[in-house]
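Hi everyone, thanks for making time today.

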Amino acid sequence: AENTSNFLSQIMSVETQDQSALHEARQNQLEKSRIYTQVFIDKLSPEKDYDIVKCPTCEQKSSRKIFTKNGGDYSYCDNCSHIFLANCLKEEKLIEFYSGYPTSTLQWHKNESDFYNRIYQKGLDQILPATPGIKLLDIGCSSGYFLSLATQQGFEAYGIEPNRQESDYAINNGIKVIGSTISG
């Protein structure tokens, strides 16, 4: 709990008053992310690196592609009207993508801590009141910021994070990161 408090004070101490600098920092991070994503996608093979899936809601095969974004084909299910990603990256490619991701959510948490604190607290408020000891698993926990808030409010919080920089930061700040993927 003490590590968690230190972690939150460290994150929350970053000022976000200079909106121009904040915007510029976010734009630089987004540009790095855009370039990384495009280079990664350009190296993928549609036949080898993606799984074609049925509608996750009704499991029907009948669907119509409605748009493509970042290499993903989004389809409309003719049976249940669900819109879904029809060509999912295979697990090993997804892990490779997130493991090498160049920008860190940690930086966003530091630069925009007041914003993240508000949105994460809204999420926690929806599942509160937490009875002490209730377990919470955050898949893709990043630097552990959400989990640190959850721990302060009585949850027994755990995370999974494939990005080594992010998971190391979380672990070093008292967050229980139990693996890099859900399967191991």
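Let me begin with a cysteine: Cys88 counts as partly exposed, because its relative accessibility is 25%. Keep in mind that what you see is a predicted model. Now compare Cys77, which is buried, with a relative accessible area of 0%.

Next, the inside. The largest nonpolar core has 15 residues. Tyr120, Leu124, Leu136, Phe146, Leu147 and Ala150 are the ones with the most contacts inside this core. Two helices, H5 (113–127) and H6 (145–152), each supply at least two of its residues, and H6 gives the most, with five.

Please find Leu136 for me. Leaving aside residues up to four places away in sequence, Leu136 touches Ile127, Phe146, Leu147, Ala150, Phe155, Glu156, Ala157 and Tyr158. There is also a second, separate core of five residues, among them Tyr36, Phe40, Leu44 and Tyr50.

Let's return to H6. Why is H6 largely enclosed by the rest of the structure? Because six of its eight residues are buried. Those are Tyr145, Phe146, Leu147, Ser148, Leu149 and Ala150. After H6 comes Gly154, with a positive phi near 100°.

As background, in soluble globular proteins nonpolar side chains tend to be buried together.

Terms used. Residues numbered from 1 in each chain as written. Predicted model: local features only at pLDDT ≥ 70, side-chain atom pairs only at ≥ 80, totals over all residues. Heavy atoms only, no water. Buried < 20%, exposed > 50% of the residue type's maximum accessible area, 1.4 Å probe, protein only. Core = buried A, V, L, I, M, F, W, Y, C linked by side-chain atoms within 4.5 Å. Helix = DSSP H or I, 4+ residues; strand = E, 2+ residues; numbered from the N terminus. Contact = heavy atoms within 4.5 Å.
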